Amino acid sequence: MKTCPTCNRTYTDASLNFCLEDGTPLASSQAPGLDPNATIRYTDPRDTKPPVPVAPPVSQPPVAPTYQMPPPVSSHGSAFGRQQSAMPAAGRPAKKSNALWWILGGALVLGVIVVGGAVMMFALFSMGSNSNTNANRANVNSRVPVNRNANLNTNSNANLPASLTDDFSQDKWGTGTYAFGDIWYADGQYHMRSKDKTYLVMYAPSDYRTSNATVRVTARSVDGTPAQNGFGLIVHGQRSKANELEDYALLIYTGAEAKYEIIKHKGGEQSAIVPWTKSTVIRGGTNTNQLEVRARGTELTFYINGQYVDRITDTENFRGGVAGLYTSDTAEVAFDDLEIKR
């Protein structure tokens with residue numbers, strides 16, 4: 001038996017040399033009357049390891065809902081026979097202000113005053129005029145719109161060259177991959193290929209105006225495949241305030257039964273002014289066709305390969321626009337030798 005001199009604990013295990021409680025070297029002893037086979041209770045050893053710190057739970061910040069806007073519509077084409085849907089408006093509608101009613105009321109009062117003054121001035125002027133003067137004034141007024149349009153057309157063309165040619169040897173027109181097809185330069189020509197069941201339009205630079213001008217261009221199917229809904233030449237092309245196409249176009253179909261069509265773009269819609277009409281002057285396959293439009297005032301006259309085919313009137317007054325090119329479906333079309341003469 002061994003005893004700890006410090007805490008007087010006794011141990012029967014002869015192999016122990018140090019006290020399990022305080023580590024003091026044990027001394028050998030034999031207590032009188034002690035049963036060596038008696039069970040001795042040891043106190044539980046103390047846990048000397050420091051407690052493991054537990055990190056507090058991390059609260060996740062709330063995730064704000066996101067909204068992805070649809071991709072913008074390409075500015076160089078529009079879906080064939082289908083108007084593009086408008087992008088959704090974001091946010092709540094603005095609350096109407098009471099000030100709006102004051103503004104409208106003030107504008108109404110001002111309008112009444114202006115109209116009343118104008119009526120009074122007109123009555124005084126009429127009293128001092130005879131019937132012959134009134135008749136002459138009516139005749140003059142009837143001619144004003146015609147003269148004004150003629151002057152505007154003259155002024156709009158005053159700074160433009162008498163002739164302009166583009167053999168497409170230089171990159172002046174738009175190129176790239178758009179939502180409705182591809183446009184690129186190759187071999188000194190301007191190539192366009194639309195996607196299936198769509199059409200693709202490209203307008204010329206701003207100095208390619210077609211008012212009171214003769215416009216010509218050559219066009220061909222590269223592999224002989226006809227564009228199902230035609231390809232051709234655009235005149236008077238421009239963008240409306242709503243960013244919609246506005247123009248006239250002469251289109252040809254070069255398949256087994258060759259034909260032409262004259263169309264108009266306005267308000268996001270394509271409409272046929274002259275529906276598809278068969279023509280023997282159109283060349284099929286990979287042959288080149290020359291398309292020509294002669295614009296004189298409001299009259300547009302159309303020629304294919306030097307032969308007259310049709311005539312229309314510009315009822316929309318698109319005369320401030322430029323030349324453009326058009327193709328449809330998946331046929332690759334090459335354009336060359338654009339010419340504008342005044």
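**From a loop residue to the nonpolar cores**

At 23% relative accessibility, N229 counts as partly exposed, because this class covers the range between under 20% for buried and over 50% for exposed. The model in which this value was computed is a predicted one. N229 is found in the loop that connects β10 (214-221) with β11 (231-239). Its C-alpha atom is separated by 9.3 Å from that of E261, although the two residues are 32 residues apart along the chain.

The side chains of Y260 and D310 are joined by a polar contact of 2.8 Å. D310 belongs to strand β17, which spans residues 307-313. D310 is buried and yet has no salt bridge. The nearest side chain of opposite charge is that of R311, 7.3 Å away, whereas a salt bridge requires a side-chain nitrogen within 4 Å of a carboxyl oxygen. When neighbours within four places in sequence are left aside, the residues in contact with D310 are Y260, I262, V274, L300, T301 and F302.

The nonpolar cores complete the picture. The largest nonpolar core comprises 45 residues, and the members that touch the most others are W173, Y190 and L325. The greatest contribution to this core comes from strand β19 (residues 332-341), which supplies four residues.

Key
Residues are numbered from 1 along each chain as its sequence is written. This is a predicted model: local features need pLDDT of at least 70, side-chain atom pairs count only at pLDDT 80 or more; totals for chains, interfaces and linings use all residues. Side-chain values use heavy atoms; hydrogens and water are left out. Helices (H or I, at least four residues) and strands (E, at least two) are DSSP runs, numbered from the N terminus. Buried means under 20% relative accessible area, exposed over 50%, partly exposed in between (1.4 Å probe, protein chains only). A nonpolar core is a set of buried Ala, Val, Leu, Ile, Met, Phe, Trp, Tyr and Cys residues joined through side-chain atoms within 4.5 Å. Lys and Arg count as positive and Asp and Glu as negative; His and the chain ends are not counted. A polar contact is a pair of N or O atoms within 3.5 Å; within protein, one must be able to donate a hydrogen and the other to accept it, and residues adjacent in sequence count only if both atoms are side-chain atoms. Contact means heavy atoms within 4.5 Å.
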